[in-house]
Amino acid sequence: MNLISFSEAPKVKRDRNRIQKIGFAGLRLITVVTILPILGIVAYIVAKGIPALSWEFLSAMPRDGMRAGGILPAIVGTLYLMIGTAAVSIPLGMAAGIYLAEYAPDNWWTRLIRIAIISLAGVPSVVYGLFGLGLFVLFFQFGISILSAALTLSIMTLPVIISTTEEALRSVPYKFRVVGVSLGGTQWQTIRKVILPQALPGIMTGIILGLERAVGETAPILFTGATFFLPHLPSSPLDATMALPYHIYVISTQIPGMPITIQYGTVLVLLAIVLVMDIIASVIRSRARAKRQW
């Protein structure tokens, strides 16, 4: 056994502090190198897109081959798709995560299910789009519609919500479950009133990550619900819709002579929607963390 003498202890401590400072400096450098390009891209989009922003741009219908007017149908369609995706994926994803974390036995079947969920999270979005085309558009005959697109995006979002819900619930200390049952509560009452509030910050992280991915996807809605041009707002879940991701793709690649400010202005609106979602989720997470008891 190697023992450190009292005379060598200060030197060892200095070496450890030096190594720690070097490690922290490396982490700071990696953080800066990662963040600066992202900030640069955002700043470039803001600088290019702000000249296009106006009340007409946000509230009017597109005209002149989408070279003029506004992007209101694309904004409304994106919100419809986001709401539809959340309405389907959040309850199902949380229910599946609760079952896997609290009720499912630990056997080969549940382990296989977890592997399948993780694998589904890495499937390319175009595969989900083709699946939604075959199942919802053709088999169930929902057609090219908001409903088909929202259901397809929900399936794509479910693996993220299920995995993060399960991990958030498993991170809650076991003593909360023991105390809840010892006070006379059933397992479901303990989960609903004790475990879920404690796991809410982690669950919200998974929900917002899943929904943000869904909002920015083009391939799934291209096959199931998005349309090239819509001079009016959709009036039914079975109507097709414009959406910001697909609209950005169209005006950037399919329309010659499209003003660059309109392209970047549309991208800026999509970034703003994602930012608002982040802010809402951060507020909910902060309030949940403040109430957390561990």
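A: Tyr249 is partly exposed, with a relative accessible area of 40%. Buried means under 20% relative accessible area, exposed means over 50%, and partly exposed lies in between, using a 1.4 Å probe and protein chains only. The model is predicted, so local features need pLDDT of at least 70 and side-chain atom pairs count only at pLDDT 80 or more, while totals for chains, interfaces and linings use all residues. Residues are numbered from 1 along each chain as its sequence is written, and side-chain values use heavy atoms, with hydrogens and water left out.

Helices are DSSP runs of H or I with at least four residues, numbered from the N terminus. Tyr246 counts as buried, at 12% relative accessibility. The ring centres of Tyr246 and Tyr249 are 6.1 Å apart and their planes lie at 25°, so this pair is stacked. Rings of Phe, Tyr and Trp (its six-membered ring) pair if their centres lie within 6.5 Å; planes under 30 degrees apart are stacked, over 60 edge-to-face, and the rest tilted.

The structure holds 6 aromatic pairs. Another of them joins Trp108 and Trp109, at 5.8 Å centre to centre with 75° between the planes, which is edge-to-face. Trp108 is exposed, at a relative accessible area of 59%. Ring pairs also link Phe136, Phe139, Phe140 and Phe142 into a cluster.

Helix H10 also packs against helix H3 (residues 72-103): the two axes come within 8 Å and cross at roughly 140°. Axes are lines fitted to C-alpha atoms, for helices over the stretch in contact, and the angles run from 0 to 180 degrees between N-to-C directions. Ala74, Ile75 and Thr78 of H3 meet Leu244, Pro245 and His247 of H10, where contact means heavy atoms within 4.5 Å. These residues divide into 4 nonpolar, 2 polar and no charged. Ala, Val, Leu, Ile, Met, Phe, Trp, Tyr, Cys and Pro count as nonpolar, Asp, Glu, Lys and Arg as charged, and the others, Gly among them, as polar.

Thr241 sits in the loop between helix H9 (219-224) and H10. Thr241 is buried, with a relative accessible area of 0%. Leaving aside neighbours within four places in sequence, Thr241 is in contact with Pro73, Gly77, Leu81, Ile146, Gly225, Ala226, Thr227, Leu230 and Pro234.

The contact is made by Phe176, Arg177, Gly180 and Val181 of H7 and by Thr190, Val194, Ile195 and Gln198 of H8. Helix H8 also holds Ala214, which counts as buried at 5% relative accessibility. Beyond neighbours within four places in sequence, Ala214 is in contact with Thr85, Leu153, Met156 and Thr157.

Conventions:
Helix = DSSP H or I, 4+ residues; strand = E, 2+ residues; numbered from the N terminus.
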